[in-house]
Protein chains: 2
Amino acid sequence: MSERVTPSVADDELALLTDLYQLTMTQAYWKESLHETPSTFSLFFRKLPASRRFILACGQQHAAALLSQLRFNDTAIKRLQDTQMFDAGFLDWLANWRFEGDIWTVPEGTPLFPNEPLLEVDAPIGQAQLLESLVMNLVQLEITLTTKAARITWAAGDHPVVDFGMRRMHGIDAAVRGVRAYKTAGIHGTSNVLGGLRHGLALNGTMAHSYILAHDDERDAFRAFARHYPNTTLLIDTYDTLTGVERVIDLLREEPSLTVGAVRLDSGDLGDLAKRTRTLLDDAGYPAIKIIASSGLDEHSITDLIAKKAPIDAFGVGTHMGVSEDAPVLDLSYKLVEYAGKPRVKYSTGKVNLPSRKQVYRRRNAQGHYCGDVIALRDETGLDGEALLTPLVKGGELQTATFAQAENAPARVREALHHFPSHVTALEEGESRYAVDLSPALRGLASNV
Amino acid sequence: MSERVTPSVADDELALLTDLYQLTMTQAYWKESLHETPSTFSLFFRKLPASRRFILACGQQHAAALLSQLRFNDTAIKRLQDTQMFDAGFLDWLANWRFEGDIWTVPEGTPLFPNEPLLEVDAPIGQAQLLESLVMNLVQLEITLTTKAARITWAAGDHPVVDFGMRRMHGIDAAVRGVRAYKTAGIHGTSNVLGGLRHGLALNGTMAHSYILAHDDERDAFRAFARHYPNTTLLIDTYDTLTGVERVIDLLREEPSLTVGAVRLDSGDLGDLAKRTRTLLDDAGYPAIKIIASSGLDEHSITDLIAKKAPIDAFGVGTHMGVSEDAPVLDLSYKLVEYAGKPRVKYSTGKVNLPSRKQVYRRRNAQGHYCGDVIALRDETGLDGEALLTPLVKGGELQTATFAQAENAPARVREALHHFPSHVTALEEGESRYAVDLSPALRGLASNV
């Protein structure tokens, strides 16, 4: 496995990052001798956020890597003992606990719709129950950020998008793993040094207003920075954006050996300023200097700027993408769907709960466009389409062949967005008409459990 | 310092969790021999989210602890060298880098308003510039979560609120440090084992639907769990909530040695179900059994339930609090305000940027209620009110006396919310009329820089 896994807490603490009831329920299973009973839990969501028409799967690899190495070491056992909630016999059992089950999941970068299983865990209930809180925490972050970033790269089309959001993200783990999620969505670069280095995304950087202000004159700051960094990007809005452009032009005329790669607009009417900046640069004979825009951008403002033909070459996106501001949470459920070989389901008014182990078949029409999914029983045969779920973990061991799929996640996202109908990829609020049906066998089982 | 600090990345990597331009700008300062120039950066926000009337300071202690121990070790230097963006001489300097400046900040749990400095860093610009991205990432998480949680505890009044949100939070660091933020806001307990153990918040837990479904009959599940855990909480909505209540009553009648502390409602019309549940329990002679409600709760639904006199004893809150869903981000700015002993400021149309080192004076009226703030120059004298900013770090060293203030943060939040006017504490959208003025000296300076 090439990906480095460093949780935000020490490895020997990670097993304690769970909800208390996972441990008390597991102790109850153990006391009742139910802990070895085979079970399947299914991870899915019932409802999309209002501002989403699909979500992209992401983060299952990182989660699976952490879960397969999860152990309760002596320190963890001691801390649980100190709570006085657990029996000595149960803690002895927990000290030898490890996950030895299977995890089935869709490839990272796969679009998913309500009620489709994102991931299923087959394991004795004393193992599968204990994964719930951590697996949900881990995958929700990457799903949420990848999905938002994919909307932004979709809006930007051929224009590169760079992540400037590290400072707005929710803590250290989000900032580091977020870059992995952005890369999956086709973001082209990041300002985040550790995130970019760890996840192999190009590092990008410009300059901050403080650098300009640390010089007596904006011209001095531009000259010094351009001398240090050939082909750099200069931030031109500290005092007045168009004056800034003129100062860049003056500098290049005075000192023709200098090169400037781009100027960055970070405030004001970006569309109007980009046009005026482009004209000034072109008229001065610098058509190769690019224009980068930032300042509160999201998929909607990028769509508007492109529709207005603003001559912006690349977009820097921070705040809105950093927390997926319009949909920061996905209401995932991790539900027991099979137990002791029998389908199980919780009945709730108005909520869909599909029993048993499942598979999703995704169908394409003659033109290669996706035309509908069927959620089926995992062992059901005779269904058309691509089966989305495969085992990522078997008998507690990561399946490296499946892991290699993640390498293709950015390509998978691009391919998928181009082959789903426009009522799925549309960025405005609304529901797609994409069909997700139940197979006859699942439908029959769901009404009879 | 009693608080354990464990970043989500290894200690020796944390210095790399920054935006690339911090490093390239610092190299530029170094090349220009500007890196030792004294500077002050101010951290503040210009605008509140639409759904907030104040924010609560939080996270500065954790940030200061990490920043004061920040170093670029051999591995970090090697990784920067590999980017080929940095000179050998600069990397040698960086290998010996450490923060030796001062950090002034308000006590954790202090309500703040737009343009008030949350934190100021006085240090050579080669040090202060490098802190920007990390300090913003660290404090934004805790500010955002504390502020949301304080709205929820304010709505709940005397009813305890328990955090159930670990699975919805943005990754591992958010989940662990989030509990610290919740504790500051007066949350009474958490389901999050590691977060609760590390930050000293009571652990709470009930049971999940899967435990019920792992038994052939809900009655069997209730009996088994109640036998394992005297005085436990039983989740009663797996099949039908009111049938669940009757089964709890039947169980206690059949087996009078058992005790049940509470029942938990997790779906449906919580207000109506709570009333019916209360009646059933009281009529059966179990007035001491409490009712805990969960299921998509936030400050608004809790306010409604309390207004309807729903007999709910405690609230479990997850999704909405876990990411501060209605305001997941705070648009913090970290701006150079003083350089080489002179005030500096970026001019931007429509944006307030206050130059120089500052202090905030908070005034109370004769009844002890807060009646207005004055933002002043730090060295200005003759101003009324409590000076909010004190040094948390001096000469690179944590000031433990100041640290002790965080112990009182929950009390500070409670006290503050009770002494701010209702147009500040109101939960509905809108702006407060709380006065934040500039001192004459600051006003004069701001218009003349």
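1. Between chain A and chain B of this predicted model the count is 10 salt bridges, a salt bridge being a side-chain nitrogen of Lys or Arg within 4 Å of a carboxyl oxygen of Asp or Glu. One of them joins Glu132(A) to Arg167(B), with the closest N and O atoms 2.9 Å apart.

2. The interface of chain A and chain B also holds 55 residue pairs in polar contact, both residues at pLDDT 80 or more; a polar contact is a pair of N or O atoms within 3.5 Å, where within protein one must be able to donate a hydrogen and the other to accept it, and residues adjacent in sequence count only if both atoms are side-chain atoms.

3. In contact terms (heavy atoms within 4.5 Å), 97 residues of chain A meet 97 residues of chain B. The two chains bury about 8,300 Å² between them, 59% of it on carbon and sulfur atoms, where buried area is the accessible area (1.4 Å probe) that two parts lose on being put together, summed over both. Arg167(A), His170(A) and Ile172(A) supply 11% of the area that chain A buries against chain B, more than any other three residues.

4. Within chain A, an open sheet of 7 strands runs in the order S13-S12-S1-S5-S3-S17-S18 with antiparallel pairing, two strands being paired if DSSP finds at least two bridges between them. Its edge strands are S13 (342-343) and S18 (397-398) of chain A, each pairing on one side only. Strand S17 (390-394) of chain A is joined to S18(A) by 2 bridges, and Lys394(A) has Glu397(A) as its bridge partner in S18(A).

5. A second open sheet of chain A has 6 strands in the order S7-S6-S11-S10-S9-S8, with parallel pairing, and its edge strands are S7 (189-190) and S8 (232-235) of chain A. Strands S9 (260-265) and S10 (290-293) of chain A run parallel and are joined by 4 bridges, while Arg264(A) stands opposite Ile292(A) in S10(A).

6. On conventions, residues are numbered from 1 along each chain as its sequence is written, and chains are lettered from A and ligands numbered from 1 in the order in which they are written. Local features need pLDDT of at least 70 and side-chain atom pairs count only at pLDDT 80 or more, whereas totals for chains, interfaces and linings use all residues, and side-chain values use heavy atoms, with hydrogens and water left out.
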